[in-house]
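Try each task before reading its solution.

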Amino acid sequence: HAAEAHRTDLMTLTRHVLNEQSKHPESKGDFTILLSHIVLGCKFVCSAVNKAGLAKLIGLAGDTNVQGEEQKKLDVLSNEVFIKALTSSGRTCILVSEEDEEATFVDPALRGRYCVVFDPLDGSSNIDCGVSIGTIFGIYMIKDKNKVTVEDVLQPGKKMVAAGYCMYGSSCMLVLSTGRGVNGFTLDPSLGEFILTHPNIKIPKKGSIYSVNEGNAKNWDEPTARYVERCKFPQDGSSPKSLRYVGSMVADVHRTLLYGGIFLYPADKKSPNGKLRVLYEVFPMSFLMEQAGGQAFTGKGRALELVPTKIHERSPIFLGSYDDVEEIKTLYAASV
Ligand code: AHM
Ligand code: MG
């Protein structure tokens, strides 16, 4: 009666994380509390995103309300919700958001040992047409919460203790890794709970989809151009790959994780560091890919080894199925 068990024995995100943490006797439940605040932010954004089209119709978003107050745009609103939820959790000391120029240092009275880097609403160019968007986050832990500096988040991605994203798509899904594999949870809107629906996600070793903004092709470097050419005209007799590109990193990476293949945001002549941000886009997604058995490469080396020097630093990124990333690594190695 496995199906019946599934329906009555719900593995919620909180229960799953508590189970994982209980294996560590030193754990005091702080991570579970931190995560429940991230989850609250995700549920809020999910609900706001679902209402966005309607809100526009009745004049709620990006408009002036009856009191003459300017209404906040969805990305600004989402950022504020995450900043407030994370600071009030009492478990964080420094926050880095794509929306804020400077890092936020939490009031000493509310400080905990976790640092959270996040993009509260990524892919915002997709909001107005109702295409999937998402939140991306990464978590570091520091030794001494009384001596917090921005250096505490300028750490290579391999030092993260957890990373994840929430996708606001045809369903709302949260994908998380605490360094022991990757698990996917789907929001049951009637319960308001994330339920484990995709346990222990492993990315296929090789895929048949590539995902890139090909409109930038004229400015690509040689290895990227050759790789994409090979996707279309394979030299080994295999079938050409399919192209899928939403233009929303969470959606493109989520598909890559589940179906396999490769996601690329390479360097080009106009943007020598690519577009995506190291701390809250490249690192969390690379962390998840490695935990799912894939790879993440910058064009120079393993993405998670990168040491950022600024909080909003960018890097080229190639991530996905092990064999597909291996192929682009070979092309870059041959080009130096
Ligand atoms: P944003 O942070 O301004 O939303 O930009 C990030 C997004 C990613 O979600 C996506 O992978 C990429 O930008 C798409 O860029 P492009 O439109 O250049 O292909
Ligand atoms: Mg972004």
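Predicted model: local features only at pLDDT ≥ 70, side-chain atom pairs only at ≥ 80, totals over all residues.

Residues are numbered from 1 along each chain as its sequence is written, while chains are lettered from A and ligands numbered from 1 in the order in which they are written.

**Exercise 1.** Find the strand order of the open sheet of eight strands and name its edge strands.

*Solution.* Start with the strands, which are DSSP runs of E of at least two residues, numbered from the N terminus. Two of them pair if DSSP finds at least two bridges between them. The order is then 2-1-3-4-5-6-7-8, with mixed pairing. Strand 2 (104-105) and strand 8 (193-198) each pair on one side only, which makes them the edges.

**Exercise 2.** Describe how strand 3 pairs with strand 1 and with strand 4.

*Solution.* First, take strand 1 (residues 92-97): five bridges join it to strand 3 (residues 114-122), and the two run parallel. Here S97 stands opposite F118. Next, turn to strand 4 (residues 133-141), which pairs with strand 3 in the antiparallel sense over seven bridges. On this side, F137 is the bridge partner of F118.

**Exercise 3.** Which residues surround ligand 1, and how do they divide by class?

*Solution.* List the residues near the ligand (C-beta atom, placed from the backbone, within 6 Å of it). They are E98, D122, G123, S124, S125, N213, G247, S248, M249, D252, Y265 and K275. Now sort them, counting Ala, Val, Leu, Ile, Met, Phe, Trp, Tyr, Cys and Pro as nonpolar, Asp, Glu, Lys and Arg as charged, and the others, Gly among them, as polar. The shell has two nonpolar, six polar and four charged residues.

Technical notes:
Helix = DSSP H or I, 4+ residues; strand = E, 2+ residues; numbered from the N terminus.
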